[in-house]
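I am opening a notebook page on this structure, to set down what I looked up and how each term was applied. The entries follow in the order in which I made them.

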Amino acid sequence: MDLATLWFWIVAALFVGYFILDGFDFGVGMTLPFLGKDDLDRRVLINTIGPVWDLNETWVIVAGACLFAAFPEWYATLFSGFYLALLLILLALILRGVSFEYRHQRPESRWKAWFDGMIIVGSAVPALLWGVAFANIVQGVPLDADHNYIGTFFDLLNPYALLGGVTTLLLFFTHGAVFISLKTAGDIRERARKLAVKSGVVTIVVAASFLVWTAFLAEFSVAYLVLAALAAVALIGAWLFNLRGAEGWSFSFMAATVALAVLALFTALFPDVMPASNDPANSLTIANASSSEYTLTVMSWTALVFLPLILLYQGWTYWVFRKRVSRASIQAATGAAPAGAAQSA
């Protein structure tokens, strides 16, 4: 395997990490109107991701940086062609981050309701648009001979891409509901589990439709079919474990579903990185979109040193904030000096 191909799969792995971790973040945000009966419930929900949501987002920053350095042509075409969609994602992420920090600064219910609304929107918009963007990449977009995108924003909102967006929206919603049942205690834990059971049924149907459609685009590649089938099995397994109240196993299988689905999409894409739907000769491939051998070599040594450190730091963070969150723990933290997860409420 040459370095360009290696970095294609490293970029895929970084997006796998991002969608697993920020995926449940988005899901938690989207469940606020379904599980947050009162302000204390909403504080419990937000505190499940309070200590880790910003750390989870570093994965997309690292993925974007690697994309820029390893595949500058791909990065340029993607960020210029999908400019409006990516801008909307960025604005939504900013809204969400600001809301986490400001909703607890004043006690008025109207003030908190505004920021809760922005958390919901800031979670749903990226969950939808990431699916739309990746579906378009796999399906292919019109490119000119210089690899510039020649379509419009509305061309990106085609039926296949919208189905991809709805799939990621539902997948992350269910992923978040399962995470809440894993991280909370008391009545909200049981309500989250039941919500994940209901949303899981819809997610299975929609995700299966998207994977089957993608199989036609990938011309029934054996590697894609295997990964897609494993993703479907993992999703059904996550639903069954959740039905039995085994939240840990359910969350693990949801994470496996996200990982296998993303890898299936990258497999369907390979060896292209941005297929041209109007003329295959205009497609961006791993070969014509990658940086020089020297750049990729420097990047490889840098990743070898720093990637393990990032993984260790993230693992340590999850270990420190591993305890379940409950209404009682929030009330206790309010009575004492705010600390740890409670700072986000």
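How far apart do the end C-alpha atoms of residues 248-270 lie, and what percentage of the span is helix? I found 33 Å between the end C-alpha atoms, with the span 96% helix and 0% strand.

Before going on, I noted that this is a predicted model, in which local features need pLDDT of at least 70 and side-chain atom pairs count only at pLDDT 80 or more, while totals for chains, interfaces and linings use all residues. Residues are numbered from 1 along each chain as its sequence is written, and side-chain values use heavy atoms, with hydrogens and water left out.

**Annotated spans.** I looked up the UniProt record, an unreviewed entry, whose annotation "transmembrane region" covers residues 6-32, 77-98, 119-140, 160-183, 195-216, 222-241, 248-270 and 298-321; such annotations may be inferred rather than shown by experiment, feature names are shortened, and positions are in the numbering used here. For residues 77-98 I recorded 95% helix and 0% strand, with the end C-alpha atoms 30 Å apart.

**Whole protein.** I counted 14 helices and 2 strands, taken as DSSP runs (helices H or I, at least four residues; strands E, at least two) numbered from the N terminus. The C-alpha trace spans about 65 × 40 × 35 Å along its principal axes. Buried residues (under 20% relative accessible area; exposed is over 50%, partly exposed in between, with a 1.4 Å probe and protein chains only) make up 52% of the 345 residues.

**Helices α1 and α8.** I then turned to α1 (residues 3-30) and α8 (residues 159-183), which pack at an angle of about 80 degrees with their axes 6 Å apart, the axes being lines fitted to C-alpha atoms over the stretch in contact and the angles running from 0 to 180 degrees between N-to-C directions. The two helices are therefore roughly perpendicular to each other, a label given to angles of 65 to 115 degrees. The contact (heavy atoms within 4.5 Å) involves, among others, Phe19, Gly23 and Phe26 of α1 and Leu169, Phe172 and Gly176 of α8.

**Two residues.** Thr174 is in helix α8 and counts as buried because its relative accessibility is 3%. Leaving aside residues up to four places away in sequence, I found Thr174 touching Ala196, Ser199, Gly200, Thr203 and Met254. Leu312, in helix α13 (residues 293-320), counts as exposed at 62% relative accessibility.

Definitions and conventions. Parallel < 35°, antiparallel > 145°, perpendicular 65-115°, else oblique.
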